[in-house]
Structures are given as C-alpha cells and as structure tokens.
Amino acid sequence: MAGPRKREHWGSNIGLILAMAGNAVGLGNFLRFPVQAAKNGGGAFMIPYFVSFLLIGLPLMWVEWIIGRRAGVLGHGSTPGAYESVWRHPIAKYLGIMGILFPLVIVTYYNYIESWCLGYSILSLLGQMPSLPGLADTSVAQVLKPFSDFLSGYMNAKTLMGGQVVIPSLPAYLFFLFTFILNIAILALGVQKGIENLAKFAMPALFIMAASLVVRVFTLGAPISSDQTPLSGLAFLWEPQWSALLRPSVWLAAAGQIFFTLSLGFGAIITYASYLDEKDDIALNGLATASANEFAEVILGGSIAIPAAVVFFGVVGAQEIARGGSFNLGFVTMPAIFSSIPFGWVFSAFWFGLLFFAGITSSVALSQPVIAFLQDEYGFSKLRAALTLGVFLLIFTHIPIMLRGAMDEMDFWAGTFGLVLGATFEVIILMWFFGSDMAWEELHKGAAIRVPRFFMYITKFVTPVLLIIILGTWTVMDIITPAVKTVIQQGFLAWLRGFLGSGVGVWAGRLFMVATAILFAWLIKLAWRGRQTQGGKG
Amino acid sequence: MSWQGWAFMIIGWGVVGSLFFWCFYKVLTGKKGNYNS
C-alpha cells in the first residue's frame with residue numbers, strides 16, 4: 001500500500017467554485033425543479049423549498065466542505081478515510097462505503113442519460129429530430145406521440161426475453177461510448193487539468209445557453225391562443241396555492257428537491273473539498289456554490305421548460321406533461337416545442353447542450369470519489385485509477401442500459417434513499433462525534449465570511465432531526481406501506497412471489513449494488529491493514 | 001398573474017439573485033485563498 005503522497009489541489013478559487021457548482025447543477029435543475037414546483041403548490045412550494053434550503057441544504061453543504069477539507073489535509077479524499085478523520089472509530093471507515101458506493105452506482109446509469117442529451121443535441125443540429133404534426137384539435141398525447149416514439153426507439157431499438165432485455169439503437173450506443181470515453185479522459189487528466197478546466201468551459205457555456213433559452217421563451221408571444229403566453233406560464237409556476245402548505249407531501253417534496261439539487265449525501269462534495277489546503281476558505285465558497293446552483297435552478301430552470309409548455313399546450317396540457325415526469329418534459333415536450341418555432345433546431349441543440357454540460361460536470365464529480373479512493377488508499381496514479389474505473393463502468397453500465405427495471409431500482413436505493421442515509425450519518429458524525437464547536441472552528445479556518453452561530457445549532461439539532469424524519473417517512477411510504485398493503489390484501493405468499501419475481505433487471509441491479517458494497521468493504525479492510533503493517537514497520 | 005404570484009416570483013428571484021451576485025462579488029474581490037495558481 002502507498003505511503004504519504006502529495007495530493008492534487010485546485011488551481012484557482014473560481015475554478016473550484018465552478019467545479020463545485022458543476023457538481024451541483026445537473027439535469028434536475030432544469031427538469032426536476034419546475035415539475036416539482038408545478039405539482040406542489042406553485043409559488044407556495046417556494047416556502048418549504050427555501051426553509052429546506054436554510055435548515056437542510058446550507059448546513060449540509062458546510063458539513064461536507066468541513067469534512068472534505070479536513071480529510072484532504074490528512075491525506076484522504078473519499079468518505080472511508082474522511083469519516084475516520086472526524087470520528088476515530090473502527091466502524092467509521094465502513095460507514096464511508098456509502099460515499100463511494102452511491103456515487104459509483106449513480107454514475108453507472110447517469111453517463112447513459114447524459115449521453116442522450118449529447119445525442120439529442122447533435123441530432124437537432126443535423127435536423128434528425130421528428131417534426132410536429134400540428135397543434136390544432138388534438139390531445140397533448142397525440143401531438144407528442146412522434147416524439148415519445150422517437151425517444152423509445154432511441155433507447156429501445158429491440159427487446160428480447162419478453163421485453164426484459166433492451167437493445168439501444170446504434171446512435172444511442174455510439175453517443176454513450178463517446179460520452180463514457182470523454183468522462184474517463186477528463187478524470188485521467190486529474191483535478192486541475194481535467195475537472196477544473198472542464199468546469200471553466202462548461203459552466204459559463206451552460207449559463208449562456210440557459211440565458212439564451214430564457215430570452216427565447218419570454219419572446220414566444222402567444223402563437224396558439226391569446227391566453228397562452230410566457231406570463232401565463234410563469235403564473236402557472238409561481239401562483240401560490242396556499243392549501244399546498246398544509247400537505248406534508250409538499251414539504252417532503254421540497255426537502256427532497258433541495259437534497260437532489262445540491263448533490264448532498266453523495267460524497268462528491270467531500271472529495272472535491274479534499275483538494276483544498278487547511279487555510280483555504282470553505283464558508284464563503286460553500287455558500288457561493290449553493291447560490292450558483294439556486295440561481296441555475298430557480299431563475300433559469302424555472303423559466304424555460306414549464307413556461308414554454310404552457311405557451312404551446314396551455315395550463316391543462318402543462319399539468320398533464322408535469323404529471324408525466326421530468327423526462328417527458330425534457331426529452332418529449334421540449335423537442336416538440338422547438339420543432340414548431342423558427343430556428344428551433346438551434347434552440348433544441350442549446351437545450352440538450354446545456355443538459356449535457358450539466359450532466360458531464362456532475363458525472364465527473366460522481367466518479368471522482370472512487371478515483372480518490374484508489375489514489376489515496378492504494379497509491380494508484382491518475383491514469384491507472386481512471387482506467388480501472390473505466391473498465392468497471394464499461395462492464396457494469398450495461399446492467400442499467402440493457403436490463404429493464406435495473407435503472408429505477410438503482411436510482412431508488414442509491415440516488416434517492418442512499419443520499420439521505422449518507423447525509424444523516426455525516427451530519428451526526430461531524431456535529432456529535434467530532435463535536436459542534438470543533439466543527440465550527442474548522443469552518444472558520446481561513447474563512448472569508450463569518451457564519452452566524454445559530455447555524456451551528458441548526459446543524460447540530462434541527463438538520464439531523466429533519467433528515468431522520470425524511471428517512472423514516474420515505475421508509476414507511478415507499479418500502480413498508482406497499483409491502484404491508486400487499487400482505488394484508490393478498491397474503492404473504494403473494495408478496496413474496498412479487499418480491500422474488502421482480503424481474504431480471506431489478507435483481508441484477510440489487511445484486512450489483514450488494515456485490516459492489518462487499519467489494520468496497522474488502523478493499524477498505526485491505527487498505528487499512530496495509531497501512532497498519534506499514535505503521536508497525538515504521 | 002395575481003399580485004401574490006408576482007410577489008412570490010419577485011421575492012424568489014430577488015433572494016436567489018442577490019445571494020448569487022453577493023457571493024460572487026465577495027469571491028472575486030475578497031481575500032485570495034492559498035491556492036497554487
């Protein structure tokens with residue numbers, strides 16, 4: 001095992017913030033946020049959203065920066081070593097499995113979705129997207145049919161084994177391979193030359209493309225009907241429905257959105273913060289990262305897709321589209337809208353281009369925890385770590401690509417449940433085991449701003465309680481209640497049959513996650529044993 | 001859009017926009033960290 005080695009550092013302050021913002025700004029800012037806001041009370045949704053930002057988002061953002069910078073100073077860039085750097089307990093490093101397992105599982109399918117954005121962007125430029133049949137006197141579903149057919153043909157050119165195995169189209173697979181190789185190449189270049197340079201180019205490009213699209217949407221006028229204008233689109237998103245505030249599900253949706261949008265609980269922020277020096281500011285940089293993400297989400301993300309959908313399909317149509325989910329909005333509705341405006345192919349390319357940039361800056365961040373683990377704990381070079389990850393991903397990405405149901409299963413456990421679980425542990429470890437006063441002292445080392453002390457109490461008492469409530473509610477709502485309902489209505493055997501017969505893809509996803517967790521536990525054990533042996537010899 | 005919708009939108013955009021520009025003003029003009037640029 002490797003001895004102490006010189007770790008990489010960020011090249012500039014602005015590069016660091018852009019990379020951190022790139023990690024946070026993802027597809028969810030432009031697709032998930034407007035759908036969530038529209039479905040959960042419009043303007044009233046912003047109240048629980050901002051409350052969650054202050055009570056969960058911002059405190060966790062600082063928690064991850066504190067843990068990350070401290071771990072980096074002690075020579076660790078991934079959560080096994082990072083948790084141990086703030087909690088000297090033998091189990092701490094094993095809890096850290098979450099911070100390398102979850103991002104790895106997510107990136108296994110995220111690269112593929114990211115490649116759709118690149119594919120759609122290029123196909124838009126080449127004029128290969130379907131065209132709109134006409135908007136008059138037809139239902140939204142009929143109007144969008146050519147575009148939903150195009151998407152399903154792109155993803156599932158052929159199915160085998162009764163639909164359980166899916167073969168993507170050749171362009172989809174080629175765009176995936178290109179995206180995958182690009183990701184690995186950026187990771188192989190390292191933090192400064194790879195990730196930081198990507199962020200310095202991709203983030204300004206993303207903001208410029210998003211701003212261009214906002215201007216275009218605001219100047220759409222009323223091409224279908226005089227009461228379907230961009231302003232009515234904004235009204236649909238911002239008009240408060242006060243009754244929504246009384247629904248716990250709205251508060252839960254807002255807290256969940258803050259979690260996903262700030263990329264908390266992944267381990268990626270901890271890894272990025274580990275490339276800082278002990279006296280580098282984390283208080284202002286953490287806040288700046290969160291604010292850049294919120295700007296991209298609330299101002300830009302809320303002003304493109306939903307207002308455009310209202311202009312072309314009306315409020316009722318937009319509601320139906322929002323109920324169809326984020327992918328329906330991004331990959332079916334938006335191409336349909338662009339196909340009916342002058343130079344729509346340019347704006348379509350911009351739309352999918354910005355989603356691609358949002359995606360790639362997040363996917364390299366999701367990959368970096370494993371790279372850091374291999375570099376710091378096993379002494380791998382940048383190239384060797386990137387190639388190792390590349391070979392692993394190239395094999396196992398085919399599970400979510402080709403097996404139906406695997407992606408949803410992996411997304412639920414790693415991309416939804418896992419994040420809250422990871423964040424709950426990290427805030428407890430830092431604020432209770434490491435100590436809140438010491439954590440606050442760490443936050444203010446080299447700080448450019450002073451964070452009000454009441455945030456310390458919020459982070460120590462309020463944030464963990466809220467996380468436990470979210471975790472408990474999700475466990476009851478999404479795992480226990482459906483199972484109990486089936487057992488009561490159909491009996492235990494019916495539930496067991498349903499569980500065991502979930503499909504090849506679902507089981508492949510579960511097996512992949514469990515096997516990878518065991519692999520990481522073994523790798524951690526080996527690395528720490530090697531370090532002990534070296535320490536003993538020394 | 002009703003006055004409540006306008007109010008939510010202006011306050012929402014105002015809070016987020018001000019925070020964003022204040023942070024980047026501070027980052028770009030504040031003290032420089034110990035980065036090896």
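In this tour Ala, Val, Leu, Ile, Met, Phe, Trp, Tyr, Cys and Pro count as nonpolar, Asp, Glu, Lys and Arg as charged, and the others, Gly among them, as polar. The structure is a predicted model, in which local features need pLDDT of at least 70 and side-chain atom pairs count only at pLDDT 80 or more, while totals for chains, interfaces and linings use all residues. Residues are numbered from 1 along each chain as its sequence is written, chains are lettered from A in the order in which they are written, and side-chain values use heavy atoms, with hydrogens and water left out.

**First stop: chain A against chain B**

Select both chains and display their contacts (heavy atoms within 4.5 Å). Here 41 residues of chain A meet 26 residues of chain B. The buried area, meaning the accessible area (1.4 Å probe) that two parts lose on being put together, summed over both, is about 2,800 Å², and carbon and sulfur atoms give 74% of this. On the chain A side, the elements that give two or more residues are helices H1 (13-24), H4 (46-73), H9 (170-218), H10 (230-238) and H13 (283-300). Helices are DSSP runs (H or I, at least four residues), numbered from the N terminus. Colour H13(A) next: it gives the most to this side, with 10 residues. By class, the side of chain A that touches chain B has 26 nonpolar, 10 polar and five charged residues.

**Second stop: a cavity beside H9**

Stay with H9 of chain A, which, like helix H15 (326-338), supplies at least two residues of the lining of the second largest cavity. On a 1 Å grid over the protein atoms alone, a cavity is a set of points where a 1.4 Å probe fits but cannot get out, a pocket is an open set with protein on both sides within 12 Å along at least five of seven lines, and lining residues have an atom within 4 Å of a point. Grid points are joined across faces, edges and corners, and a volume is the space filled by probe spheres set on the points. Select its lining: Leu213(A), Arg216(A), Val217(A), Leu220(A), Ala308(A), Met334(A), Ile337(A), Phe338(A) and Ile341(A). Eight of these residues are nonpolar, none is polar and one is charged.

Finally, select Glu409(A), Trp413(A), Ile479(A), Phe499(A) and Arg510(A), the closest to the centre of the second largest pocket among the 21 residues that line it. The pocket holds about 470 Å³ of space. Its lining has 16 nonpolar, two polar and three charged residues.
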